[in-house]
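The following exercises are to be worked through with the sequence and the structure at hand. Each task is followed by its solution.

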Amino acid sequence: MLKIAHKIIFIYSAITLCAMGMAFAVLWYWMSDYADNLYYSFLEERAELIAQKNLERCSGNRVYDIYMEHRTDTVAKPVSTQIVLDADKTQATRRALLRFMSPGQIERLRDKGELKFKHGDNLGLAVYYPKPEGNFIVIVMLNRHLGEYLHRQMGYWLIGVTSLCILIVVLVSRLYTQRHIDTLHEAYQRERQFIHHASHELNNPLTAIQGECEIALMKKRDAADYEDSLNRIEQEAQRMSQTIKQLLYLSMAMNESDGESREFIIWKDFLNQFNDNERVHLNVSQGCDSCCITANPYLLKMAVGNIVRNALKYSSDDVDITLNEKSVVISDKGIGIPRQDIPYITQPFYRAANTRSFQGNGIGMSLAVNILKLYGIMVKIESEENAGTTIIMRLAHGNFASATDNGSK
């Protein structure tokens, strides 16, 4: 199955080729017709000159003889042929005309007095002149070698231009798809993967609840057994409720872009709320007491809170939060993240290989990263397995200011 980008390249190239083919076909036809008209214009002038020349040579009722005159240029090959026929000599004239045209064309010549025709590689013009001195027909033919040469050259040019245009279209389409369409395709694939994982995460607790209910109803049990079943059902229900809430928060974070719910937040005061846990320690660098950010406080708390809770969950030691001039750093000395899992740890529902024994669904880190991106905060993860993890949240310049600066605006 072709990727969307390849389909678009193919469609654009096909449309361009068809459009150019039609345009070049019209141009070819127009050029051919234009070249033939130039030849016929020359033949008309030549026929008039020959007629005047022969009329000047004639006197009284002199009868014209059938003759052929060749006109040459500097090369040996004849360029044009002029023929003057005595139209009053019907049989001889007809035999001469049949050498160059069909009987139907001869009839049209007699009816209309002029006929344009083609004979081999020549274009011809026959003109009937009824005169008191005697009726005669002038035939002028011109070889089309120059026209054919021009047609060939034009064909070569058209083929070259068409090939070049197709190459340009393919390259431009590829460049465009690499920058835009491939991104959309990847987003679509991530969306499909997200839906698949979400349905799986919601199905697991539902299956567990259904199984507990079926087991509890299979036979009569004492109150303790029913209480244990209800406790397990409650745990699975809470797990499903937590998953649904996180999915809703993730959707909220991805759609919260209008800025209406944002306000100025002092980083020091904001981070102090995570200092309630005795294992969490806040360190504020010099000059950062009044640093602020413009954000939705509820979403920002959710993002930073998820990172802090992960640090507490995967570590039995203390967790340090450090506020620097343009970054917030959260570090622990826990189990760490395997090197091969770090690039994927921010994807929804992805969990590192060494976290299978810990409860979770893999949404928290993805939710945190998506929320922080809204406020121009880039997340960098540094980790070493069995040594600890450091999450660095780098603040964009536009989201870093002092409280006094914000108050003066």
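**Exercise 1.** Determine in which sense strand 11 and strand 12 pair, and over how many bridges.

*Solution.* Step one: strand 11 and strand 12 run antiparallel, paired over 8 bridges; strands (E, at least two residues) are DSSP runs numbered from the N terminus, as are helices (H or I, at least four), and pairing requires at least two DSSP bridges. Step two: V379 stands opposite M393 of strand 12. The model is predicted, with pLDDT of at least 70 needed for local features and 80 or more for side-chain atom pairs, whereas totals for chains, interfaces and linings use all residues. Numbering starts from 1 along each chain as its sequence is written, and side-chain values use heavy atoms, without hydrogens and water.

**Exercise 2.** State the strand order of the open sheet and identify its edge strands.

*Solution.* Step one: the order of the 5 strands is 7-9-10-12-11, with mixed pairing. Step two: strand 7 (280–284) and strand 11 (377–384) each pair on one side only and are the edge strands.

**Exercise 3.** Which strands does helix 7 lie across, and which does helix 8 lie across?

*Solution.* Step one: helix 7 lies across strand 7, strand 9 (319–323), strand 10 and strand 12, where contact means heavy atoms within 4.5 Å. Step two: helix 8 lies across strand 11 and strand 12.

**Exercise 4.** Which helix gives the most to the lining of the largest pocket?

*Solution.* Helix 7 gives the most, with 7 residues.

Conventions. Axes are lines fitted to C-alpha atoms, for helices over the stretch in contact, and angles run from 0 to 180 degrees between N-to-C directions.
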